[in-house]
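This report covers surface and side-chain contacts in a predicted model. The sequence and structure are shown first.

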Amino acid sequence: MPAPRTHEPSAAPPQDSVSDVVRWAAFSCVLVPVVLVGYGGSLAGATGAALGLVAVTGVCRVLLRQSERGAARLLAEQNRGHRGRHHRTGVGAHRGTRQSADGAPLD
């Protein structure tokens, strides 16, 4: 029995999973009508099935790309490291310290 594979970083760039899914969907958009006609289905029915698959594939592609962009944006935001809710830095950034207009503490 072979040993289970462990995930090792490779030198190859990561594959674009959305492109893989869309490629397989495009393949099915061609294959399904061919099979339908091959097994005695009508040409009109096969054309309708192909058009439906193309529409669903297009919508799924758009949604997958949007999801990838959202995930990338979320990951970038998490890795950026922010300073509090309003991202304030510099003079006056610390809560609870009252300061004058020139930045000197009022306590």
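## Nonpolar surface patch

W24, F27, L31, V35 and Y39 together make a nonpolar surface patch of about 630 Å². One of these residues, V35, belongs to helix α1, which spans residues 17–38. With a relative accessible area of 37%, V35 is partly exposed. This value is over the 30% that a patch residue needs.

The relative accessible area of W24 is 62%, so W24 is classed as exposed. F27 has a relative accessibility of 46% and therefore counts as partly exposed.

## Aromatic pair

The model has one aromatic pair. The pair consists of W24 and F27, whose ring centres are 5.8 Å apart; their planes stand at 90°, so the geometry is edge-to-face. The cut-offs behind this assignment are centres within 6.5 Å and, for edge-to-face, planes over 60 degrees apart.

## Salt bridges

Side chains of opposite charge can pair when their charged atoms come close. In this model the count of salt bridges is two.

How far apart are the closest N and O atoms of R23 and D20? The distance is 3.0 Å, and the two residues form a salt bridge. R23 and D20 both lie in helix α1, where they are three residues apart, about one turn of the helix. R23 has a relative accessible area of 53% and is therefore exposed. D20, at 26% relative accessibility, counts as partly exposed.

Are R65 and E68 buried or partly exposed? R65 is partly exposed, because its relative accessible area is 23%, and E68 also counts as partly exposed, at 31% relative accessibility. Buried would mean under 20% relative accessible area.

Note on methods. Residues are numbered from 1 along each chain as its sequence is written. This is a predicted model: local features need pLDDT of at least 70, side-chain atom pairs count only at pLDDT 80 or more; totals for chains, interfaces and linings use all residues. Side-chain values use heavy atoms; hydrogens and water are left out. Patches are made of residues with over 30% relative accessible area and no salt bridge: like charges are joined within 9 Å, nonpolar side chains (Val, Leu, Ile, Met, Phe, Trp, Tyr) within 5 Å. Accessible areas come from the Shrake-Rupley method with a 1.4 Å probe; for residues, only the protein chains shown count as cover. A salt bridge is a side-chain nitrogen of Lys or Arg within 4 Å of a carboxyl oxygen of Asp or Glu. Helices (H or I, at least four residues) and strands (E, at least two) are DSSP runs, numbered from the N terminus. Buried means under 20% relative accessible area, exposed over 50%, partly exposed in between (1.4 Å probe, protein chains only). Rings of Phe, Tyr and Trp (its six-membered ring) pair if their centres lie within 6.5 Å; planes under 30 degrees apart count as stacked, over 60 as edge-to-face and the rest as tilted.
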